[in-house]
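Dear colleague,

Please find the structure below. My notes on it follow.

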Amino acid sequence: MTADPKERKANRRGAARLAAVQALYQMDIAATPLNDILAEFESHWIGREVEGSQYLPAEAAFFRSIVRGVLDDQRTLDPMIDKALAGGWPLKRVEALLRAVLRAGAFELSSRSDVPARVVVAEYVDVANAFLDKDETGMVNAVLDQLARQLRAAEFGRAAG
């Protein structure tokens with residue numbers, strides 16, 4: 001039985017998002033250079049079994065787009081996320097994995113208009129569920145929803161305030 005092509009693409013993009021967040025996390029904590037991290041993930045992780053865990057095949061171009069895009073746009077993304085975080089809690093004080101999820105989601109919302117905003121928010125909440133506790137997952141949903149309403153107001157039917 002062959003899977004629906006849309007479903008396969010969605011699953012491959014979901015796997016790309018998960019890998020991108022892991023790569024951004026690794027870059028953040030270990031200061032791994034961009035080209036090294038892309039090569040490592042594409043040759044040793046994505047679509048392979050690593051330490052007993054099977055990593056799904058991912059859309060490599062989408063994975064690269066997210067990782068490169070976050071790095072290229074980080075000076076724009078971080079202030080947006082800072083502003084969206086409740087209580088003036090700065091992004092630099094947020095745990096590295098949560099920071100990677102927020103940056104990747106903010107990048108897609110700001111630069112990947114081919115992906116509906118609600119899909120971006122839902123996908124990164126799913127990624128957060130894989131790594132973070134319920135409170136942090138709720139924070140991802142709240143921050144990305146706020147950014148989505150600011151950056152893609154037309155998709156929500158009214159201007160963001």
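Two residues are said to be in contact when they have heavy atoms within 4.5 Å of each other. Leaving aside neighbours within four places in sequence, Val121 is in contact with Asn141, Leu144, Asp145 and Ala148. This is a predicted model, in which local features need pLDDT of at least 70 and side-chain atom pairs count only at pLDDT 80 or more, while totals for chains, interfaces and linings use all residues. Residues are numbered from 1 along each chain as its sequence is written, and side-chain values use heavy atoms, with hydrogens and water left out.

Val121 lies in helix α5 (residues 117-131); helices are DSSP runs of H or I with at least four residues, and strands are runs of E with at least two, numbered from the N terminus. With a relative accessible area of 7%, Val121 is buried (buried means under 20%, exposed over 50%, partly exposed in between, with a 1.4 Å probe and protein chains only).

Turning to salt bridges, each is a side-chain nitrogen of Lys or Arg within 4 Å of a carboxyl oxygen of Asp or Glu. The count by this rule is 11. One of them joins Glu59 and Arg13 at 3.2 Å, N to O. This pair links distant parts of the chain, 46 residues apart: Glu59 is in the loop between β2 (53-54) and α3 (60-84), and Arg13 is in helix α1 (residues 5-30). Arg13 also forms a salt bridge with Asp114, with the closest N and O atoms 3.8 Å apart. Arg13 is buried, at 13% relative accessible area, whereas Asp114 is partly exposed, at 47%.

Yours sincerely
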